[in-house]
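Subject: Structure handover

Hi,

Here is the structure I said I would pass on.

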Amino acid sequence: MAYTSKISPAAQLVHEDEFMRMIRPGKKKIDKQLGKLPRGQESPFGDFPADYTRPGDSKKMSLSLKLSGTTTVMTPRATQSARGAERTSKTPRSAEGTGMFSQTASPRSFAQTTPRCPPTAGAFKRRNIEPSEFRRFYDRNDLPIQIQHTGTQNRIAWKVDAEKLDYHHYLPIFFDGIREMEDPYRFFAVQGVYDLLERGGSKILPVVPQLIIPIKKALNTREREVMVTTLKIIQSLVLSAEMVGEALVPYYRQILPVFNIFKSSTKNTFDKMDYGQRKRQDLGALIDETLELLETHGGEDAFINIKYMIPTYESCVAS
């Protein structure tokens, strides 16, 4: 197999991770403490027993409490001030009566009278990412893959020819792993999906209904990195074989609601130049490209179904 110099999408994600570690070091570690990302195994042989005392548990607990904001440090002076506040709040002057100073407002009543802002809907908020089935199968060594280290990027060395694999079993597992954000799970899942789509041919079309739930879970994470990866994979899925675009039309109601939310999330650079255009990480532009591909390869009913879910979409096919 002749290797090309083009960086694969999975290797590009690894490179981006290295760059982001310089800008925001420790971000993924904090996300794990907050429950945004799934935690890995505690050892190469699995997790420790429940009654095992792990080193550094107290530090991890204090860090998680500080990140979540559910703890307050109480000092003796703070406790005395709190008691003093209780005494001052229970003065006869603050009680209801008939004197001149009898109707002074307490802090509690003032807080109740102040208007509160409505809560945010959280449509663009990141969701917690649950462990995927791909992670479980990989940890059990049930996948016929291993990593192949090369000069500029890593690749997957398949232990079995991809053409001989059971696509009904393996392709949904690899699609379920595209929502992972930690290597080696993410690299194997993303690169494995591209390899299977490239060599699948006629085996892909019967498996399309099993791919909808993994795609929906990946989009519902609302994590921009995962969504960009998922949109690129959807484009490759539509172009991988004939009739795949038409087979996706009945499932637009599961896929397109997230498209409608993030359709306007286009980077506005004003008069500046975006030198990262080659990476194709603009979410709004990717959604427009994906919708155009779905309409072009989706047949006669594609546009009306897209228009039903995304009212602001305009047809790219000339009438």
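Predicted model: local features only at pLDDT ≥ 70, side-chain atom pairs only at ≥ 80, totals over all residues.

Below is what I found, going from the overall numbers to the side-chain pairs.

Residues are numbered from 1 along each chain as its sequence is written, and side-chain values use heavy atoms, with hydrogens and water left out.

**Overall**

The protein has 14 helices and two strands; these are DSSP runs numbered from the N terminus, with helices being H or I of at least four residues and strands being E of at least two. Of its 319 residues, 35% are buried (buried is under 20% relative accessible area, exposed over 50%, partly exposed in between, with a 1.4 Å probe and protein chains only). The accessible surface comes to about 20800 Å², and carbon and sulfur atoms own 55% of that (Shrake-Rupley method, 1.4 Å probe; for residues, only the protein chains shown count as cover). As for contacts (heavy atoms within 4.5 Å), take those with a separation of 6 or more: 72% of them link residues 24 or more positions apart.

**A nonpolar patch**

Phe19, Met22 and Ile23 make a nonpolar surface patch of about 380 Å². Patch residues have over 30% relative accessible area and no salt bridge; nonpolar side chains (Val, Leu, Ile, Met, Phe, Trp, Tyr) are joined within 5 Å, and like charges within 9 Å. Met22 sits in helix α1 (residues 9-23) and counts as exposed, at 67% relative accessibility.

**Aromatics**

I get eight aromatic pairs. The rule is that rings of Phe, Tyr and Trp (its six-membered ring) pair if their centres lie within 6.5 Å; planes under 30 degrees apart are stacked, over 60 edge-to-face, and the rest tilted.

Phe124 and Phe262 are one of these pairs: the ring centres are 5.2 Å apart and the planes at 90 degrees, so it is edge-to-face. Phe124 lies in the loop between α5 (107-113) and α6 (133-139) and Phe262 in helix α12 (residues 252-262), so the pair ties together parts 138 residues apart in sequence. Phe262 is buried, at 1% relative accessibility.

Tyr138 and Tyr185 are edge-to-face too, since their centres are 5.6 Å apart and their planes at 80 degrees. This pair links helix α6, which holds Tyr138, to helix α8 (residues 185-200), which holds Tyr185, and so ties together parts that are 47 residues apart in sequence. Tyr138 is partly exposed at 26% relative accessible area, whereas Tyr185 is buried at 10%.

Arg135 lies over the face of Tyr185, 4.3 Å from the ring centre, and Arg140 over the face of Phe137, at 5.0 Å.

**Salt bridges**

The count is 17 salt bridges, each being a side-chain nitrogen of Lys or Arg within 4 Å of a carboxyl oxygen of Asp or Glu.

Lys28 and Asp17 meet at 2.9 Å, N to O. Lys28 is in helix α2 (residues 27-34) and Asp17 in helix α1, so the bridge ties together parts 11 residues apart in sequence. Lys28 is partly exposed at 26% relative accessibility, while Asp17 is buried at 11%.

Asp31 bridges to Arg126, with the closest N and O atoms 3.3 Å apart. Asp31 is in helix α2 and Arg126 in the loop between α5 and α6, so parts 95 residues apart in sequence are tied together. Asp31 is buried at 7% relative accessibility; Arg126 is partly exposed at 26%.

Arg186 and Glu225 form a salt bridge at 2.5 Å, N to O. Arg186 lies in helix α8 and Glu225 in helix α10 (residues 224-240), so this one ties together parts 39 residues apart in sequence. Arg186 is buried, at 2% relative accessibility, and Glu225 is partly exposed, at 26%. Through shared partners, salt bridges join Asp17, Lys28, Asp183, Arg186 and Glu225 into one network.

Cheers

Definitions and conventions. Lys NZ or Arg CZ within 6 Å of the ring centre and 35° of its normal.
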